[in-house]
Amino acid sequence: GEEVAFLRRWQASLAAGAEVVADRILDVLATPFEIGGTDVPLSVTASIGYAEGDRSTAEALLQDADIALYQAKAAGKQRAVSFSPSMQAAVDDHRSLEVDLQSALESRQFFLLYQPTIDLSTGAFTGVEALLRWRHPQRGVVQPDEFIPALESSGLIVPVGAWVLHDACRQGAAWHRQGYRFAVSVNVSARQVD
C-alpha cells in the first residue's frame, strides 16, 4: 500500500528530475557569454541522452543513455532525449541492415534507377541521375533513406559508391555508343572523396 505509493512517487520524481536537469543544462548552455572581453559572444550547444529503469548493470543503463544521445544528436542541436525501448529496436534493425549490407554487394542486390533531369527554365531534358536501390532478399526493395545511413556508418559506402560510379559510367558509355548524348549524374558521399 503505502510503500508502493511512495516508491511510485519517488520513481516519478526521479524521471521528472532527469528531464528537468537536462532542460536546465540546455538553457544554461544556450545563454551567450564572453571570454576575455571579446566582442563576439560565444554560445554552446549540447545533445543530451539519458536513461532510467531497472537494468542488470550500470553499463547496460549507460548503453541505453548512449542510444538516447545518438537520437538526440540526430534530432538536431539543443535536444534532450530520454531512452525508450523502441530506440533499442531501431538500433538492432540498423545493425541487422549493416550485416545484410556486407553481402549485398557481392550478391548483386544493388541496382540503379535512372531519373530524368530537366532544365526548369526551358523544360528541356538534360540527362539522368543515377539512384541507388537495394533489392533485399527478404525485405524487397529498400529505399536509400533506410540503408544509406548504415552504409555510411559501416564504411561500406566507399565500395558501394565505387560500384555505383562504375555502373553509371558503364551505362552512360553504352547510351553514348547508341548515339544518346546527355549527362549522367551520380551522388557521392563525402567519405568517397577523402
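The protein chain has an average pLDDT of 82, and 90% of its residues score at least 70, pLDDT being the predictor's confidence in each residue, from 0 to 100. This is a predicted model, in which local features need pLDDT of at least 70 and side-chain atom pairs count only at pLDDT 80 or more, while totals for chains, interfaces and linings use all residues. Residues are numbered from 1 along each chain as its sequence is written, and side-chain values use heavy atoms, with hydrogens and water left out.

Where pLDDT is low, the predicted coordinates should not be read in detail.

The second largest pocket is lined by 16 residues, and Leu132, Ile148, Ile157, Asn187 and Val188 lie nearest its centre. Strand E4 (125-136), helix H4 (144-154) and helix H5 (157-177) each supply at least two residues of this lining.

Helix H4 has Phe147, Ala150 and Leu151 as its buried residues, where buried means under 20% relative accessible area, exposed over 50%, and partly exposed in between (1.4 Å probe, protein chains only). These residues lie on the same side of H4 because they cover an arc of only 105° around the axis, the arc being that of the directions from the helix axis to the C-beta atoms. Just after H4, Gly155 takes a positive phi of about 85°.

A search of the whole structure finds seven aromatic pairs; rings of Phe, Tyr and Trp (its six-membered ring) pair if their centres lie within 6.5 Å, and planes under 30 degrees apart count as stacked, over 60 as edge-to-face and the rest as tilted. One of them joins Phe110 and Trp163 in a tilted arrangement, 6.5 Å centre to centre with 40° between the planes. This pair links distant parts of the chain, with Phe110 in strand E3 and Trp163 in helix H5, 53 residues apart. Phe110 is buried, at 5% relative accessible area, whereas Trp163 counts as partly exposed at 24%. The pair of Tyr114 and Trp175 is edge-to-face, because the ring centres are 5.0 Å apart and the planes stand at 80°. Tyr114 in strand E3 and Trp175 in helix H5 are 61 residues apart. Ring pairs also link Phe110, Trp134, Phe147 and Trp163 into a cluster.

Conventions
1 Å grid on protein atoms, 1.4 Å probe; cavity = no way out; pocket = protein on both sides within 12 Å on 5 of 7 lines; lining within 4 Å. Helix = DSSP H or I, 4+ residues; strand = E, 2+ residues; numbered from the N terminus.
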